[in-house]
Number of protein chains: 2
Amino acid sequence: MSEGGLMKLATVALTVGLASGAGGFVQAPPARPAQEVDTLVSPEVHADRRVTFRLRAPKAAEVTLRGDWMPGQAREKLVKDEQGVWSVTVGPLQPDTYSYSLSLDGVAILDPRNPRVKLGVRSSTTSVLEVPGAPPLPHEVRDVPHGAVQVNWYKSSTLGAVRRFYVYTPPGYEKKKSARYPVLYLLHGAGDTEGEWTWFGCANLILDNLLAEGKAKPMLVVMPLGHAAPAGDMRPAVRGQNTKLFEDDLLKDVMPAVASKYRLAAGPKNRAIAGLSMGGAQALSVGLGHLDLFGAIGVFSAGSGDDFETRYQALLAAPEASNRKLSLFWIGCGDQDFLLQGAKRLDESLTKHNIKHVFRLTEGAHTWLVWRRYLAEFVPLLFQSGKR
Amino acid sequence: MSEGGLMKLATVALTVGLASGAGGFVQAPPARPAQEVDTLVSPEVHADRRVTFRLRAPKAAEVTLRGDWMPGQAREKLVKDEQGVWSVTVGPLQPDTYSYSLSLDGVAILDPRNPRVKLGVRSSTTSVLEVPGAPPLPHEVRDVPHGAVQVNWYKSSTLGAVRRFYVYTPPGYEKKKSARYPVLYLLHGAGDTEGEWTWFGCANLILDNLLAEGKAKPMLVVMPLGHAAPAGDMRPAVRGQNTKLFEDDLLKDVMPAVASKYRLAAGPKNRAIAGLSMGGAQALSVGLGHLDLFGAIGVFSAGSGDDFETRYQALLAAPEASNRKLSLFWIGCGDQDFLLQGAKRLDESLTKHNIKHVFRLTEGAHTWLVWRRYLAEFVPLLFQSGKR
């Protein structure tokens, strides 16, 4: 749209879309006062995959940028031009879907010129940056058959509140009226909500692409809300209730609602649970606590605490029974993840007790950049016939 | 959480949700560096329906607030305290779901402490404020059976792009496997996208509530993306293409996809089209252009241009045929709407030519505060047996 230059403020009568030439107002614009429309472009992804960020803030003294492609706590400084527009160009970046925030004189904000927002549970300070490229990413929109994502409102008897869960149905679900499908329960992290695996994690597109390539079994993916205790309250006592309350909501409210509405294949071999960060801890706790229900577990960027071997003593003491029940126990963590020690501790405990599992130590930190890839790697291993 | 006072910055190790006490890290917190978590609350809705907005910005010189409950272009000024937190208390406000923006030294931003965002098509500068109250609003979440909203990805052959449309299915849709449903195509405005009738317009909750009260026929509501020409390009020539391209996408791509996937009742008497603002102009143009397809039209906060009587000469010259085809032609506009003259012009043209229609002149401006109410008023009139 622009050649890297700045777009000037254009005064445009807000007849947009109404000036349709088809029963519209081309000849007789409505009387709304003309309004300043900022046409500044941010972020702008250049052909060479460098990216320019811009913020119009003539009165600001300092503007900085923090993106999830940056190591550690690094920030980039933006520079102001004579029109009061701050900008910085970074990269080239590897093709991917990133998140970033701006700091405007110390106030953390998202990029107001960018309509793509990463929703949060406690705040809204994060924008989304998409850098397209070849080869296509596992989560890229491709010209393949698409499944759909259904947002379900339900009354949680456990929590006394109306909440939502998302359900991915694969392409053809409506046509194959008698087919029954295995189901993956996929859990988000502490900063996110039930929509994030769809809107930022692109779980549905990852499944679409794997299915189109014949790399996965058609399955449902249920994405519930992992916050059961108040999400903003971070006292350990409250956080400590969360896993138990979430488990009750999942088992007593979400799972029955899913079973009553969708065509599910029966039995634990057709049921998996996985999650990232807080959701990884939940998948571990709910999954290991209910091997009668779940035949596969995925733990992304989480691990075990000191009490793991005590808590799961019975399970660890009978590896043959545990291994028979769990067809897949998959743990992934990035080498820069602040939870890496917990993931390693989990791997070591399982190894020590001969519990079969996969431990994938990858590059990366505690970000969505690894979680989309973990899902793309985990899903093809699920619901393979002949196992369990 | 707070008594209207300010919460101080709390330094909290980000073990939230991982400190689960269940395989978590209560005794052994991970090594992530402690991080400042801002627990400032904004907006805070008080029991008396006054609302306090807060922004921590010690270095700012001016912070103002603009909400859609305010008349004209009015703004409220926030005042800074000794901790650098700006605040203002407004209201009491009538119970409703509002949108608002902040201005930080002239930079339009949403409220970073508020996780509820009104998504936009070109920017992200608007937060959502919910003021609950009695009697319940038509769009409030109630303890009634809930339908679901399915997000569908589809390849538009018209536009060569993968796009999305949302579909509301009423409670019981999955159980009543042989039932067929009438369908309302519901269009958004120029600043919005396909998700807005769900996420901010609460169309699904409005339908749930009307159905629970027996005030509406069970129906599907299809919410497509109304931007077919590039949404950011506001030149009249480009905007002029939009209605035609949207019509092609709707008729050739969206409607066939809907018909192939969902159980639709046949015929124009089971098909309606309505929209707000840009979507109202589209509903008018597509609906009147295809009376063989649509038996009901709703135009919310839009109207006709000077060319209306020329363009629809044939239709206006044969009122009996038009009236036989259209079981409902509903026009609503607020008395403070900048498009009121266009709506009045449409009403006058239709009246002059004896085209049956409803013209509802209400209180209100060009905001979602009227559009939710229009939907709640329009939907009960749709698909009544015996008509057409």
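The expected span of a helix is taken here as 1.5 Å times one less than its number of residues, and helices (H or I, at least four residues) and strands (E, at least two) are DSSP runs numbered from the N terminus. The model is predicted, so local features need pLDDT of at least 70 and side-chain atom pairs count only at pLDDT 80 or more, while totals for chains, interfaces and linings use all residues. Residues are numbered from 1 along each chain as its sequence is written, and chains are lettered from A and ligands numbered from 1 in the order in which they are written.

Select residues 278–289 of chain B, which form helix α4. At 1.5 Å a residue, the twelve residues of this helix should span 16 Å, and its end C-alpha atoms are 16 Å apart, which agrees. Colour α4(B) by burial, where a residue is buried if 20 or more other C-beta atoms, placed from the backbone, lie within 10 Å of its own. Eleven of the twelve residues of α4(B) are buried, so the helix is largely enclosed by the rest of the structure; among them are Met278(B), Gln282(B), Leu284(B) and Leu288(B).

Next, stay in chain B and display the open sheet of four strands with the order β3-β4-β8-β7, in which the pairing is antiparallel; two strands pair if DSSP finds at least two bridges between them. Its edge strands are β3 (44–45) and β7 (79–80) of chain B, each pairing on one side only. Then select β4 (residues 51–56) and β8 (residues 85–90) of chain B, which pair in the antiparallel sense over six bridges; within this pair, Arg54(B) has Ser87(B) in β8(B) as its bridge partner.

Move on to strand β9 (residues 96–104) of chain B, which runs antiparallel to β11(B) and is joined to it by five bridges. Strand β11 (residues 127–131) of chain B is mostly covered, with four of its five residues buried.

Finally, turn to chain A, which has nine helices and 20 strands, and in which buried residues make up 50% of the 388 residues. Colour domain 1 (1–39), domain 2 (49–131) and domain 3 (148–381) of chain A separately, bearing in mind that domain bounds come from an automatic or database domain assignment. The C-alpha centres of domain 2 and domain 3 of chain A lie 31 Å apart. Nine residues of domain 2 of chain A are in contact with 13 residues of domain 3 of chain A, contact meaning that C-beta atoms, placed from the backbone, lie within 7 Å.

Terms used:
Two residues are in contact if their C-beta atoms, placed from the backbone, lie within 7 Å.
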